[in-house]
Amino acid sequence: MHYNFSITLFLFSLVAVLAGALVPFQAGSNAFLGKELGHPLWATVVSLVVSLAVVVPILITLKVPEINLESVGRLPWWAWLGGVAGVIYMTAALVLTPKLGATTFIVCVITGQVIISLFIDNFGLMGLPEKEINLGRVMGIILIISGMVMVQFFTVRNTTISVSADNNDQEISIAEYNK
């Protein structure tokens, strides 16, 4: 068995970690947008429009070659899943982040990502190189699942109850552990 570690792999991994570090900000800002705009789907639309407004100037600045429209008709059905998955993820993030909190939402997302990624790698799906399922990879995923369970178990939940006495409504916040 050959294990691969290099400075290049480390730098690529660091960039991936930094990109991942932005995801909770995306979830939080989209959740706020959904609340302020009146519906989660409006926040999804705004997020996608902002993404487009950011990427188009980058395409122009980098002088990226024009899109190959001839290949569009020959693409496999799953090539379009990125856009669909993006909408589903963004909408789920902005609906669930306020309910679960950023940590619980993201740890659940990561768990789902690594489980499915293991199978995508193993079978070389979507044109990716095959990387076999082995004991080390499975143990790593078991640790991630365990982490997800620990985060959920030890997340303090705030419960707000309303108390009415002498026509003075008051809210009391009670912290309790999710169990």
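Me: What percentage of the 179 residues in the chain do buried residues make up?

Reply: Burial is read from relative accessible area, with under 20% counting as buried. In this predicted model, buried residues make up 14% of the 179 residues in the chain. The accessible surface comes to about 13700 Å², and carbon and sulfur atoms hold 70% of that surface.

Me: Which elements of the chain have the lowest and the highest mean pLDDT?

Reply: The pLDDT is the predictor's confidence in each residue, on a scale from 0 to 100. The chain averages 86, and 85% of the residues score at least 70. Among the elements, strand 2 (residues 168–177) has the lowest mean, 56, whereas helix 2 (residues 40–61) has the highest, 94.

Me: In what order do the elements of the chain run from the N terminus on?

Reply: The secondary structure comprises five helices and two strands. Read from the N terminus, the order is α-α-α-α-α-β-β.

Me: At what angle do the axes of helix 1 and helix 3 cross?

Reply: Two packed helices are described by the angle between their axes and by the distance between those axes. Here the axes of helix 1 (residues 7–37) and helix 3 (residues 81–100) come within 8 Å and cross at roughly 75°. Helix 1 is therefore roughly perpendicular to helix 3, since angles of 65 to 115 degrees fall in that class.

Me: Which residues make the contact?

Reply: Helix 1 contributes Val23, Gln26, Ala27, Asn30, Ala31 and Gly34, while helix 3 contributes Tyr89, Met90, Ala93, Leu94, Thr97 and Pro98. By class, these residues divide into eight nonpolar, four polar and no charged.

Me: Is Ala93 buried or exposed?

Reply: Ala93, which lies in helix 3, has a relative accessible area of 1% and is therefore buried. Not counting residues up to four places away in sequence, Ala93 touches Ala27, Ala31, Pro98 and Phe105. The C-alpha atoms of Ala93 and Val23 are separated by 9.5 Å, although the two residues are 70 residues apart along the chain.

Me: Why does Thr91 count as buried?

Reply: Thr91 is also placed in helix 3. Thr91 counts as buried because its relative accessibility is 17%, which is under the 20% cut-off. Leaving aside neighbours within four places in sequence, Thr91 is in contact with Pro40, Leu41 and Thr44.

Me: What share of the contacts with a separation of 6 or more comes from residues 24 or more positions apart?

Reply: Such pairs account for 45% of those contacts in the chain.

Methods:
Residues are numbered from 1 along each chain as its sequence is written. This is a predicted model: local features need pLDDT of at least 70, side-chain atom pairs count only at pLDDT 80 or more; totals for chains, interfaces and linings use all residues. Side-chain values use heavy atoms; hydrogens and water are left out. Axes are lines fitted to C-alpha atoms, for helices over the stretch in contact, and angles run from 0 to 180 degrees between N-to-C directions. Helices (H or I, at least four residues) and strands (E, at least two) are DSSP runs, numbered from the N terminus. Angles under 35 degrees count as roughly parallel, over 145 as roughly antiparallel, 65 to 115 as roughly perpendicular and the rest as oblique. Contact means heavy atoms within 4.5 Å. Ala, Val, Leu, Ile, Met, Phe, Trp, Tyr, Cys and Pro count as nonpolar, Asp, Glu, Lys and Arg as charged, and the others, Gly among them, as polar. Buried means under 20% relative accessible area, exposed over 50%, partly exposed in between (1.4 Å probe, protein chains only). Accessible areas come from the Shrake-Rupley method with a 1.4 Å probe; for residues, only the protein chains shown count as cover.
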